[in-house]
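User: Can you walk me through this model? I'd like to start with what the terms mean.

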Amino acid sequence: MNHTTNAARASGRAPFVVGIGGTTRPGSSTECALRAALRHARELGAETRLFGGEALAALPGYSPEQSERTAGQRDLVEAVRRADAVIFASPGYHGGVSGLVKNAIDLLEDLRADERVYLDGMPVGCIVTAAGWQGCNTTLAAMRSIVHALRGWPTPLGVTLNTAGVKLFDGDGQCLEAQVSASLRTLAEQVVGVRNPAPAAA
């Protein structure tokens, strides 16, 4: 599945992973999870770029009739155009991807005429946070359908985080749950196409 990231390594450059997601709330669990996944990707040798909640909130609403793009819109599209892999992260709102994140994804229609159309052949990690497992699961299914529509390959592991009554990240964005951190690390491994070596025996 990871021909793109493997091709990057074969050419002698680090894979480039773009993270898109978050909410309008600073320090949201969604953005913290995305930042953690990108951090794990860097530990595996990747170059990363984050488009978090603040950047996404600054994007105008996508309009297919409008050909002019703001600097922020061009920046996001160009980053994905250069990417070897992508990670999407969204809260589950009413069983689906948030409007904030979907608006950014819709902008990738600008890649339709590229040599690599949309996300064709790229590994795409999916992260969902929601206050309940139903919202997590329905949103993950919706996100994977979006990735398929963009011709990408959702990683085998999609990370769903039930935030109902649970604090998963501290004020500095550090993960407080070992299992959550392990899941985000596995997702990063699948996106980058590299697995962390097992620790040496004592």
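Analyst: Buried means under 20% relative accessible area, exposed means over 50%, and partly exposed is in between (1.4 Å probe, protein chains only). The model is predicted, so local features need pLDDT of at least 70, side-chain atom pairs count only at pLDDT 80 or more, and totals for chains, interfaces and linings use all residues. Residues are numbered from 1 along each chain as its sequence is written, and side-chain values use heavy atoms, without hydrogens and water.

User: Is H94 buried or exposed?

Analyst: H94 is exposed, at 88% relative accessible area. Its phi is near 55 degrees, a positive value in a residue other than glycine. Most residues other than glycine have a negative phi.

User: Where is H94 found?

Analyst: In the loop between strand 3 and strand 4 (96–97). Strands (E, at least two residues) and helices (H or I, at least four) are DSSP runs, numbered from the N terminus.

User: And what is the phi of R151?

Analyst: Near 70 degrees, also positive. R151 lies in the loop between helix 6 and strand 6 (153–154). R151 is partly exposed, at 44% relative accessibility.

User: New topic. What does L119 touch?

Analyst: Leaving out residues up to four places away in sequence, its contacts (heavy atoms within 4.5 Å) include R151, V80, F88 and L150.

User: Which residues touch the most other members of the largest nonpolar core?

Analyst: I20, L56, L76, V80, F88 and L119, out of 33 residues. A nonpolar core is a set of buried Ala, Val, Leu, Ile, Met, Phe, Trp, Tyr and Cys residues joined through side-chain atoms within 4.5 Å. Among the elements giving two or more residues to this core are strand 1 (16–21) and helix 4 (71–82).
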